[in-house]
Amino acid sequence: MKVVFIIPTLTAGGAERVFSLMANFWSEREHDITILSLDSPDHEPFFTLHKNVKYQPLNLLEERKGYLGKVKRTLSQIITTRRRVNKLCPDVVIAQLDIAIFLAMTSTIFSKNKAIVYEGNNPYLNTTNKYLQKFNDFLYRFTDHLVLQTKQIAQTFPVHLRKKISIIYNPVTPPGVQLNHEDYIENFQRKRIVSVGRLEFQKGYDVLIRAFHLFLEDNPSWSLTILGEGNERSKLEELCKQLGITDKVALPGNVRNPHDTLQEASIFVLSSRFEGLPNVLLEAMSIGLPVVATRCKFGPEEIVEQRKNGILVPVDDEHAINTALKELANDAILGEQLGNQAKDILKVCGSEEVMAQWEYTIRKLVKSE
């Protein structure tokens, strides 16, 4: 099987992590895998790639001034990407994130190459260019298949596209070790709340920090660690300073493997305002952590069953997050029960199961030629 992935950049992000995991999985099984990004030639992928993965940065992110300059850059992106895809002649092209989706569709339209659009987030809130998203909406009718992460995302697409849609969850590599009773008690005693994600408005970390400030009133010995980097770092640091909790909140930046931090956490929190199907939530659950997650569109509500394998709270509600955290901080037995049930997420999101669904989808698509 010959697969080409297209993605804007291979930096630290959920989409980048998923594509790297998929590429590595198939390369280890001797499939022919290439990743095309728009990065500069000297860019090093944030996530480690298998030695057999062919990484080809196309150097198509140069800033252009003015409307005409941007049009020329877009034309250059289309022409270069289409030429490279035609040269590689893959069984299928898989693209994620708005500009990459656009380039995948324009690279395969009116050609023998097949394209799969992989929409891993809320396509109408996560786009960096609303006009590009509208154009992608038009091009979706020409793509060969769409893979979406949740049933709720599928409901946002027009009825005439539903026959082209498959629902496939994000793949999660099973952790080397899942928490047992002794591990959980040790973690609980660490009194450490952890979240992972880009420091952006989407992730709702301003709400989480305010919730944690309320939580500290009755639980002063606890700490909060947020792994990730982004445009809101200074804003979040200033908020911690204003609330007087700088010594209680750690923002260490990007980490290549968040598993080490998750393995030693007491509670995991997802405070997002919107999502697709957040990989880090699946990873935390697979380890056996008790999770608190917002009922954001889309994703968490499809995998977290209220008070069975986690706790769901409303979006933008620091008081609800505070209440959930206090309950878990005061009830180690409840946390362990939720964490034990959360491990079952691997039955539907384990990498073997998910990648088998991908291979079935691709082979069915190629066979239909």
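This is a predicted model: local features need pLDDT of at least 70, side-chain atom pairs count only at pLDDT 80 or more; totals for chains, interfaces and linings use all residues.
User: Hi! Let's start with the strands. Which way do the residues of β6 point?

Analyst: Hello! In strand β6, residues 145-148, H145 and V147 point one way while L146 and L148 point the other way. All of them are buried.

User: Why do they take turns like that?

Analyst: In a regular strand the side chains alternate between the two faces of the sheet.

User: Which strands does β6 pair with?

Analyst: Strand β5 (residues 115-119) pairs with β6 in the parallel sense, over four bridges. In that pairing, Y118 stands opposite V147. Strand β7 (residues 165-167) also runs parallel to β6, joined by three bridges, and there L148 stands opposite I167.

User: What about β4, is it buried or exposed?

Analyst: Strand β4 (residues 92-95) is covered on both faces. V92 and I94 sit on one side, V93 and A95 on the other, and all four are buried.

User: What are the neighbours of β4?

Analyst: Strand β1, residues 2-7, runs parallel to β4 and is joined to it by four bridges. The bridge partner of V4 in β4 is V93. β4 also pairs with β5 in the parallel sense, over three bridges, with I94 opposite I116.

User: How many residues of β9 are buried?

Analyst: Four of the five residues in strand β9 (residues 223-227) are buried, so the strand is described as mostly covered. It pairs with β8 (residues 192-196) in the parallel sense, over five bridges. R192 has S223 as its bridge partner in β9.

User: Switching topic: how many aromatic pairs are there?

Analyst: The count comes to ten aromatic pairs. One of them is F46 with F47, an edge-to-face pair with 5.0 Å centre to centre and 90° between the planes. F46 and F47 are both buried.

User: Which cluster do Y118 and W358 belong to?

Analyst: They form one aromatic cluster together with F5, F19 and W26.

User: Which charged ends sit over rings?

Analyst: Two examples: the charged end of R29 sits over the ring of F25, 3.5 Å from its centre. The charged end of R256 sits over the ring of F46, 4.7 Å from its centre.

User: Nice. How many salt bridges are there?

Analyst: The count is 23 salt bridges. Among them is R190 with E186, whose closest N and O atoms are 3.1 Å apart. These two lie in helix α6 (residues 181-190), four residues apart, about one turn of the helix. R190 is partly exposed, with a relative accessible area of 28%, and E186 is partly exposed at 43%.

User: And in α15?

Analyst: There, R363 forms a salt bridge with E359, with the closest N and O atoms 3.6 Å apart. R363 and E359 are also four residues apart, about one turn of the helix. R363 is partly exposed at 44% relative accessible area, whereas E359 is buried at 17%.

User: Last one: what forms the nonpolar patch on the surface?

Analyst: Y67, L68, V71, L75 and I79 form that patch, with about 530 Å² of accessible area together. L68 is placed in helix α2 (residues 66-88). L68 counts as exposed because its relative accessibility is 56%.

Key. Residues are numbered from 1 along each chain as its sequence is written. Side-chain values use heavy atoms; hydrogens and water are left out. Buried means under 20% relative accessible area, exposed over 50%, partly exposed in between (1.4 Å probe, protein chains only). Two strands pair if DSSP finds at least two bridges between them. Patches are made of residues with over 30% relative accessible area and no salt bridge: like charges are joined within 9 Å, nonpolar side chains (Val, Leu, Ile, Met, Phe, Trp, Tyr) within 5 Å. Accessible areas come from the Shrake-Rupley method with a 1.4 Å probe; for residues, only the protein chains shown count as cover. A salt bridge is a side-chain nitrogen of Lys or Arg within 4 Å of a carboxyl oxygen of Asp or Glu. Rings of Phe, Tyr and Trp (its six-membered ring) pair if their centres lie within 6.5 Å; planes under 30 degrees apart count as stacked, over 60 as edge-to-face and the rest as tilted. A charge sits over a ring if NZ of Lys or CZ of Arg is within 6 Å of the ring centre and within 35 degrees of the ring normal.
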